Amino acid sequence: MAALPKFIGQPIRRREDPRLITGEGTYVDDVKLAGMLHAALMRSPYAHAKISSVDLSAARKHPGVICALSGEDLAGRLPSLPCVAPAQNVPEHPALARGKVRYVGDAVAIVVATDPYTARDAIDLITADFDPLPAVVDAEKALQPGAPLIHENFGTNLAAKAEMTPPGFDKAMSEADKTLKFRLVNQRLTPTMMEPRGVVAHWEHGYKQLTLWSSTQIPHLLRSQLADMLKLGENKIRVIAPEVGGGFGAKLNVYAEEALLGYLAMELDRPIKWIETRRENMAATTHGRGHVTYVEVGFKNDGAITAIKAKFFCDMGAYLQLLTPAIPSFTALMVPGCYRVGALAFEQNLIFTNKMATDAYRGAGRPEACYLIERTMDMVAAELGMDPVQVRRKNFIPKDAFPFTTAAGLQYDSGDYEGALNKALAMVGYDKLRTEQAAARQQGRYLGIGVSTYVEICGIGPSALLPPKLKGGGWESATVRVEPDSKVTVLTGVSPHGQGQETSFAQIAADALGIDIDDINVLHGDTAIVQYGIGTFGSRATALGGTALVMALGKVQEKMKTIASRLMEVPPQQLIFTNRTIALASDPSKSIPLQKVVEAAYGYKQPIPGVEPGLDASAFFEPSGCTFPFGTHIAVVEVDPQTGAVKFLRYVAVDDCGKIINPLLVDGQLQGGIAQGLGQALYEETVYDENGQLVTASLMDYAIPKAQMVPAIEMANTVTPTNLNPLGVKGVGEAGTIGSTPCVANAVMDALKPFGIRHIDMPLKPEKIWRAIQEAKQAKKG
Amino acid sequence: MKVSGEQVLSGSREQVWELLNDPDRLSRLVPGVQKLEILGPDEFAGTVSVGVAAVKGVYSGKIKIEDKRPPEFYKVLVDGKGAQGFMRGSGTIELQAKGPNVTLVKYAGDVQVGGAVMQVGQRMLESVAKMTFGQFFAAADAELKASAKGVVARQGILINFWRYLVRLVRGFFARS
Amino acid sequence: MQVKITVNGQPREDAVEPRMLLVHYLRDVAGLTGTHVGCETTLCGACTILMNGQAVKSCTMLAVQADGAKLTTIEGLAKNGQLHPLQEGFWEKHGLQCGFCTPGMIMAAVDLLSRNKNPSDEEIRHALEGNLCRCTGYQHIVEAVQYAAHKMR
Amino acid sequence: MFPATFEYHRAHSVKDALALLKRFGQDAKLLSGGHSLLPMMKLRLAQPAHLIDIGAVGELAQIAEEGGKVVIGAGVTHQQIADSALVRGKLQALAEAAAQIGDVQVRNRGTLGGSLAHADPAADYPAAVLALEGEVKLEGAQGTRTVKAQDFFVDLLTTAMNPDEILRQVSFSPIAVGTGCAYLKRPQPASGFALVGVAALVSLGRDGSCEKVRVGVTGLGSKAFRAAGVESALAGKKPEANAIAAAAAHAADGIDCLSDIHASADFRAELARVYTRRAIEKALERCAR
């Protein structure tokens, strides 16, 4: 048999793909059960209104309708939806609105019918009377005296407030040669995963067991919360995350529909399916971002930042979803970016508005921070007439300063920011580009070069950093089971939905056990199969789940070595796994086939006395700290001053996510992330009008990037491993999004520099650019 | 959504005022009115079919007239809803005499629209509103002219009232 | 209403409600769930199939409009267990992540390569403007289509 | 995502369809490619009681040259128009407009007649049909009539068609020697509809001046229109940059411009001026004599 290659580090094509490219993957909507019913929801068209009455009689009479319920019908039967993150004011959040509706899309009633067409017909038969109230749409205005209250019981629209001004801050600010103050808007975004949410709930009456398929990133955490809400033992709920068509943080939640379907499946004793429509997805799946920040930065004439003060107004929406109030804290923590900022002070106001709740969205707090600090760097550069690259170099945390504790109190594990920057500058040909830019300006062409040097926080742990109500910490789990035929089953607590861990984890296991990748099956996303796990979010899966896997593999290896050492009569510590054998490290020709060891372990041939039969092991990895991937992105754009259109000329990305298990997957994560990040910079914005009506309510009006809107990305890596986990990996799921948004914004601002334009808020739509140019021209004339 | 505009009608200010306060005639002239009930002085309940071409929705609701200053001003409050959404808002009507038989009508309104119509039809809402006003004023002008001649303009007496309206509307929104 | 539709080479005859969308017919009547529904406004392209060889969005057709047509869905693309070059390309080049847009994306690419054997990257991006992907950033998709184009020449 | 119920009727000929239209009157809608109507039905914004499917009416699906004119049936799809050598050669702006509608899937299904009859204010075709002075042939119970493009688009989603009529075909005079035409568009980034689309046709006279100028604009107002101010300002002038720019400055004259989150009225007007200039320049490049 040919020698097996090493798999880690190789661009192995994905093992998930054969089923997905042939249409054989099973997403929630593909689950079909005998006698299954279909649910539809009636949602509020008002942003803020008292519910006068909900008349379900006509809907109930409609042929094919099995049941119709309003919020009042559920009073006392289904508890509030959970928010596990701490906040001073956590409102009651009923699955169906009671008394008031608080955002457009707030669920008012649910109908269950024999088929989805009938369920939809019945929605039109519901008569609901609302008594409209003034809506609060703008988070800053929501705090003004006299603003309508969204939750009257709190007497305020403030959900929480956090402040930090360290001693010595004022001194640091006073040491600055200059200060700048500006306001930045990090606009609200709609995650827009391609598969809307969906739930199938099945109550097996005989077993008293509920099975719930949900398009979720967190099957176990969802199970824990549902067990609470439905008053079932966690051992009596099975949550299955089948194929999940993208999540981006918006499926890291516990939603009304999950609770409602679980509840109704039990009540009706029939399986029920609910599939979100795209309009529901835009209106009633969590949004992201939504910060207004007032920045004050103090700096020396050489560009050194002495102090930053940031005052945030964070738009929570009408209710607090699972982690809503936790997201802005990541922003505050990451404000210093990859710089030795002298001192940092911040104030965060978390504010209710009559809109859908915000929560995690790719980056979850870090893109907001990165945008803030990277725009600040360019603002400082513009103020001082310095090259933005020089200002960054001036402030970088040097390579030899790690582990480094930042002004926000975080300890960064490792980094070489200058290294990534230099590589990106060389790739793009920075100096030459600047010359070309100057020449182009002479010809009336507006080229812009934007740089962002980002750092982010991944693999968030230790568990003490996470709220106890989450019922899961910052750890992750894995089980490795060597089956009697030497095939290996890996059970992981992470819940991949596109990230490719069925492949990358198989690579890790194959190398560890010296077997072929095709001998490994990675299972996930089913709480009845997999040990408790936390899920996939926050770029944590490989750093934490991968490490748990390495640990479980270690335990299995130990046992196999013990058995092999008895069979081979050599000390176990001299053994290695190679080429489907366990061999003597000093002389691999002296080996025993793995299968022999497995047979012994299972005791059907040559049982080893004193060794417990079986061959599996579980491990839970609790990290001692977080990892901090980083990189440099450079965008080159051209702005058409007549129409404000932005065209990409180049995009260079140099990313450092530590060691790489599968470069194909890493590239994929980065490219997708960059597209999402440039979407925020140029196109995307969730718009509610002044009455709280959602204007970007469909894909007709919410622009996610299409293929021709995204440039070809020139990619490269640097590798700075972390020592916080044995794989040396840091995380890569969100890096692209975090780095690209400020990079593109900086590029556009650089293009507009000849007009004297310093800043335009995102998204940088052609009209805004055109208008800024007109105003700048007017100002020059005036 | 804010809508405003002005329109010249062929009638004296008193005639126009009378027309704009006559529920019977209004229910005939406002496009799509299916039913108009008088609930009390200056308060009406009605059902209107609003829309253009295939996109139509039936809305029922209440209309209330306030701050009347005959023959020059009133304020109108609208609150209607239908399967595809709701409309809520207020507007003002102001009449200025421009000649013995010429009256300038100034209208302004701020209407909140919600529901499916808003979600996917926002780019066309203002145009629909303008069109509806245009149709109404065209019909009102025809009515005023006809009553001056002593005939009642009704849909029935025109072979193709729609096309007639359309021609008038085009006149109002004339593009050079 | 009775319709006769050939799906992936198999002639079928079914009674459908006139209002049933073609995508629901494929998923719920024909049992082919590889064709997905991702939006309501004919924009995402997840429901793309071939009708008489041309890419169409099956969410914006009634099943009755396909009466007499020959349809190909993602399930019918591989022949005799042999992946279509585009399927191969998407696999080789990591042209998919969550996979939800993939069937529609591949079917739209089939249409492109039937018209243009030698597309530029720009032409590929343009041809896929009716298919949204939120995961990949499209770069690997472009490479996947180039892979297939090369292989099919 | 789930249309309301309706009765479905399949027409096999124009005659069939007219009879059905007569029978069901205002309650019926014609369904061809369905790419204007079905999206609204899925959202239940449109709930016609009867659908008359004319998708299988072969007599509507031809592109032909007849009596010196290019005649395009109402049932011809956007993609067929974009691909047609005849249209590309003789009505380039129309082919360019067709090629920029939606996406290939939409172009494979959507039809010329369906798009024109729907009269979406941001549809691409109307600009080209106006600039190329298409003539729309309508057939009703009373017989057939021909409406000039500039009389066809009446207002938002409103055309000169009567409810009992069918759009049969559109005919065009092929562009003459010394004439060039082009369609340019700024798409709305999400929907792909035209924020502004401009079709221009220019004929150069023997003396090198602009003999004939036709400009159709879509996306700007509640209906597509001929920019008469641009046309008259450039007619008879030498096609020099200043003259073109001065003429294009009239593109939005007298128009009550649409406004939405994607572009306010004054930005749309500016786009119309810029795209008008660029479309004229492109048409001029193509004025080979």
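Student: Is B:Gly57 buried or exposed?
Tutor: A residue is buried if 20 or more other C-beta atoms lie within 10 Å of its own, exposed if 12 or fewer, and partly exposed in between, with C-beta atoms placed from the backbone. B:Gly57 has 25 other C-beta atoms within 10 Å, so B:Gly57 is buried. Before we go on: this is a predicted model, where local features need pLDDT of at least 70 and side-chain atom pairs count only at pLDDT 80 or more, while totals for chains, interfaces and linings use all residues. Residues are numbered from 1 along each chain as its sequence is written, and chains are lettered from A and ligands numbered from 1 in the order in which they are written.

Student: Which strand holds B:Gly57, and which residues is B:Gly57 in contact with, leaving aside neighbours within four places in sequence?
Tutor: Strands (E, at least two residues) and helices (H or I, at least four) are DSSP runs, numbered from the N terminus. B:Gly57 sits in strand β4 (residues 55-69) of chain B. Two residues are in contact if their C-beta atoms, placed from the backbone, lie within 7 Å. With those sequence neighbours set aside, B:Gly57 has contacts with B:Val50, B:Gly51, B:Gly82, B:Ala83, B:Gln84 and B:Val117. Take B:Gln84: 27 residues away along the chain, yet its C-alpha atom is 6.4 Å from that of B:Gly57.

Student: On to helices. At what angle do α2 and α3 of chain C pack?
Tutor: Axes are lines fitted to C-alpha atoms, for helices over the stretch in contact, and angles run from 0 to 180 degrees between N-to-C directions. Helix α2 (residues 85-92) of chain C meets α3(C) at about 130 degrees, and their axes are 10 Å apart. Angles under 35 degrees count as roughly parallel, over 145 as roughly antiparallel, 65 to 115 as roughly perpendicular and the rest as oblique. α2(C) and α3(C) are therefore oblique to each other. C:Leu86, C:Gln87 and C:Phe90 come from α2(C), and C:Thr102, C:Ile106, C:Ala109 and C:Val110 from α3(C).

Student: How are the residues of that contact of α2(C) with α3(C) divided by class?
Tutor: Ala, Val, Leu, Ile, Met, Phe, Trp, Tyr, Cys and Pro count as nonpolar, Asp, Glu, Lys and Arg as charged, and the others, Gly among them, as polar. Here there are five nonpolar, two polar and no charged residues.

Student: And what is the angle between α3(C) and α5(C)?
Tutor: About 45 degrees, with helix α5 (residues 139-152) of chain C having its axis 11 Å from that of α3(C). That makes this pair oblique. C:Met105, C:Ala109 and C:Leu113 of α3(C) meet C:Ile141, C:Val145, C:Ala148, C:Ala149 and C:Met152 of α5(C). By class, that contact has eight nonpolar, no polar and no charged residues.

Student: How many residues does chain C put in contact with chain D?
Tutor: Chain C has 22 residues in contact with 20 of chain D. β4 (54-57) and α3 (102-115) of chain C each supply at least two residues on the chain C side, and β4(C) gives the most, with four.

Student: Which helix gives the most to the side of chain A that touches chain C?
Tutor: There, 42 residues of chain A are in contact with 43 residues of chain C. α17(A) gives the most to the chain A side, with seven residues. By class, that side has 18 nonpolar, 14 polar and ten charged residues.
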